[in-house]
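Hello,

Here is the structure we spoke about, handed over for your own work. My notes on what was found in it follow below.

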Amino acid sequence: HLHCLLFGVLGWVSVILSFCWVYIRKYQSRQESEVISTITAICALAIALITSALLPVDIFLVSYMKHPNGTYKEWAENNETRGQIEDTVLYAYYSLYSLLLFCVFLWIPFVYFYYEEKDDDNINKCSQVKNALKYTIGFIIVCAALLLIGAFVPLEAPPNQNGTQWEKMQYLFEELGNNHGVPALSFSISSLTLIGMLAVITYTAYGMSVLPLNLIKGTRSVVYERLENTEDIEEVEHQMEKIKAKILLGIFFILFALLFVVALFISNLDKALHSAGISSGFMVFGTNLTNPLNELLLTLQPVFPLDYVLITVITMYFVFTSMAGIRNMGIWFFWIRLYKIRPKRTRPQALLFLCMILLLIVLHTSFMIYSLAPQYVMYGSQNYLLQVTPGWVCGGRAGCGVGLSMSGEEVGGWVGVCVGGVISCVKKQVINNVRNLSKDILMSVNPHH
């Protein structure tokens, strides 16, 4: 089954690359097309979509470890085996996040400035590359600053305060090596996630409104006008049926957006009422209030693979509404419109900006989806066993996340062990690193606080 999953993932990657090629070629200007910018845009968009597609895979692997009765499958009974699978997914997350950093701070800026320098007819290739690198250095400095702050500020002070400066530095680098650079990457991710939140508020929210409205409103094509003028009644009626179908699809997307609004409101209310507060990043393990989207996903679990299809649709929905928002609004800097996104007339710089914004949006939505359906995203379709007498009672079970902590502690008579999804661990690491950094900054500003 895992081999089939691997082939399925490779198949999805092929589909994503094909879609990215078609999408970029659809909007790319035919007069100003550039091979380097085209390849960059396709790869950046593919990285964004693959990062989004990793979440359903993560949830599937976590759910696939257990039988419906709450017991582990034979191949997953070994803690080492489960740990290897979780580490593989974790490395996949951080590898993709590292690629996001590389694209945002180095690859896309360099290609953008390289193409900008091409407008000068009197410049040669070497000067073009040098000038592009010169402007890209600013982005590299920002990235390096984020990585250094995230790497060294949260570290504990050396135990031997009387040691030499070299010993203190050696201790800090050893601690950094033990953490494998995760705090540095986590802080950089959290910083980009904040920017991604602004992009979600600007573009995704607008796209969630404009996409269904455009479907409902529809457009009258030249073909339709010609058919109407020639009074070809049968063809006209066929066109009208297609338009009615798009009205129906637009209404569905509106209801879908309202479902997200309700789910986010209930999830945030749950965090405000039942989490440990800002010290834990307002994280709650499971649900205490009825979340309609979470309940819908749990209801679809018995019919494989409806729940995975739905979570995939939700993930892609955010991506496509973001693309619709950017396409309709264009690229803006405050009140100044920089570029328009139009079929076959979009400049390479605009496509690069579009891909960079999508990378930031995907980074934020991967954490936002956790808030939409926290129980399902964290535990998938796992169940755990009920212990009423010494020994496990296989007949008694409940969904993970209901009255159970992440470590499987007993709460209200329920006992068991649930394997949390890797995305929840990544989010927890990001929150912990940012919280520790905030404490260190506060202590440095006010040591007596």
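**Cysteines, cavities and helices**

The disulfide count for this structure comes to 0. Cys43 takes part in no disulfide, and the nearest cysteine sulfur, in Cys103, lies 7.9 Å away. Please keep in mind that this is a predicted model.

Cys355 is a second case. The cysteine sulfur closest to that of Cys355 belongs to Cys20, at 7.9 Å. A disulfide needs the two sulfur atoms within 2.5 Å, so the sulfur of Cys355 is too far from that of Cys20 for a bond.

Rolling a probe the size of a water molecule over the atoms shows where empty space is left. The structure holds 2 cavities of 30 Å³ or more, and the largest cavity has a volume of about 40 Å³. Its lining is made up of Thr51, Ser52, Leu55, Thr315, Val362, Thr365, Ser366 and Ile369. By residue class, the lining of the largest cavity has 5 polar residues, 3 nonpolar and no charged ones.

Which helices each supply at least two residues of that lining? They are H2, covering 35-64, and H11, covering 348-372. H11 gives the most, with 4 residues.

Helix H2 also holds Thr40. Is Thr40 buried or exposed? Thr40 is buried, and its relative accessible area is 1%. Apart from neighbours within four places in sequence, the contacts of Thr40 are Trp107, Ile108, Val111 and Leu352.

Last, the annotation. The unreviewed UniProt entry places the feature "transmembrane region" at residues 6-24, 36-55, 91-115, 135-155, 184-206, 247-266, 308-338 and 350-373.

- Residues 36-55: the chain is 100% helix and 0% strand, with the end C-alpha atoms 30 Å apart.
- Residues 247-266: the chain is again 100% helix and 0% strand, and the end C-alpha atoms are 29 Å apart.

To recap the main points: the count of disulfides is 0, the largest cavity is about 40 Å³ in volume, and H2 and H11 each supply at least two residues of its lining.

Regards

How values were computed. Residues numbered from 1 in each chain as written. Predicted model: local features only at pLDDT ≥ 70, side-chain atom pairs only at ≥ 80, totals over all residues. Heavy atoms only, no water. 1 Å grid on protein atoms, 1.4 Å probe; cavity = no way out; pocket = protein on both sides within 12 Å on 5 of 7 lines; lining within 4 Å. Points joined across faces, edges and corners; volume = space filled by probe spheres on them. Nonpolar A, V, L, I, M, F, W, Y, C, P; charged D, E, K, R; others polar. UniProt positions renumbered as here; feature names shortened; annotations may be inferred. Buried < 20%, exposed > 50% of the residue type's maximum accessible area, 1.4 Å probe, protein only. Contact = heavy atoms within 4.5 Å.
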